[in-house]
Amino acid sequence: IFFENSHVGWLRCVTFSPDEKLLASAGQDYIVKLWNVKSGKHLKTFEGHTDRVNFVDFSPDGVLLASGSNDNRICIWDTNTGHCLFVLDHSSPVYSVAFSPDGKILASGCEDQIVRLWDTKNGQLFSELRGHTHWVMSVAFSYDGKFLASGGQDQTIRLWDIEKSGDCFSVLKGHTASVTSVSYSFDKNILASASSDQTVRVWNVKTGEQVQVLQGHTNRVWSIAFQHNNDTLV
């Protein structure tokens, strides 16, 4: 399938809806677009950002779409109407957003070194997770929603207890450059991370042990993802 005339300038991010019927895309032209996966037809354009969009994520039910931008904002869109429901203000560019598995929480990673947690019902900020010493590049929830992983320019991955204390209970170290992407496997004890050091690393989050170092790329690795309910990592 070819999506014609998709964007002007670089494409920064794409993501499938949970039912795999929709595709969202965003990039340098400040806009978010929604597509029919089967036909490739353009369905909606979401306009409101004033700088490049770095990341998009669907809520688990596919009704909401969150977009994080260099304009220091997250917009939460209604995919049915195309309306912007909430604008979540930050103090610096937003590099990553992620919905919790139950859709009640949105996490954001930002250039100001803070991971923020937002209530998706009212758009209110209810927690700030501090510990990174450089930009937060990626955030990801475990599949049960109990934990959150964040990767940063400080070359670390931090694991947060979302269900109970909200504290950082582990710091994973091993990368020698910025951590650009983190992803939990369906097994909540396994986490993968990608980095500008050209490697992908696999971790046992229960023990903090580095299980594997995957090498082969010859430049920075920007994004990783586990196949759902499978051990395949892309």
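The legends below describe close-up views of a predicted model.

**View 1. Asp78, a buried acidic residue without a salt bridge.**
Asp78 sits in strand E7, which covers residues 73-78. The nearest side chain of opposite charge is that of Lys44, 7.4 Å away. A polar atom of the Asp78 side chain does lie 3.2 Å from the backbone nitrogen of Thr81. Leaving aside residues up to four places away in sequence, Asp78 touches Phe46, Val63, His83 and Leu85.

**View 2. The stacked rings of Phe46 and Trp77.**
The structure holds 4 aromatic pairs. In the pair of Phe46 and Trp77, the ring centres are 5.1 Å apart and the planes meet at 20°, so the pair is stacked. Phe46 belongs to strand E4 (residues 42-46) and Trp77 to strand E7. The two residues are 31 residues apart, and their pair links distant parts of the chain. Both Phe46 and Trp77 are buried.

**View 3. The largest nonpolar core.**
This core has 13 residues. Val32, Val56 and Leu65 touch the most other members. At least two core residues come from each of strands E2 (22-27), E3 (32-36), E5 (53-58) and E7. Apart from this core lies another, of 12 residues, including Ile105, Ala107, Phe141 and Ile162.

**View 4. The surroundings of Leu65.**
Residues up to four places away in sequence are not counted here. Leu65 touches both Phe46 and Trp77.

How values were computed:
Residues numbered from 1 in each chain as written. Predicted model: local features only at pLDDT ≥ 70, side-chain atom pairs only at ≥ 80, totals over all residues. Heavy atoms only, no water. Helix = DSSP H or I, 4+ residues; strand = E, 2+ residues; numbered from the N terminus. Buried < 20%, exposed > 50% of the residue type's maximum accessible area, 1.4 Å probe, protein only. Lys, Arg positive; Asp, Glu negative; His and termini not counted. Salt bridge = Lys/Arg side-chain N within 4 Å of Asp/Glu carboxyl O. Polar contact = N/O pair within 3.5 Å; in protein donor to acceptor, adjacent residues only side chain to side chain. Contact = heavy atoms within 4.5 Å. Core = buried A, V, L, I, M, F, W, Y, C linked by side-chain atoms within 4.5 Å. Phe/Tyr/Trp six-rings, centres within 6.5 Å; stacked < 30°, edge-to-face > 60°.
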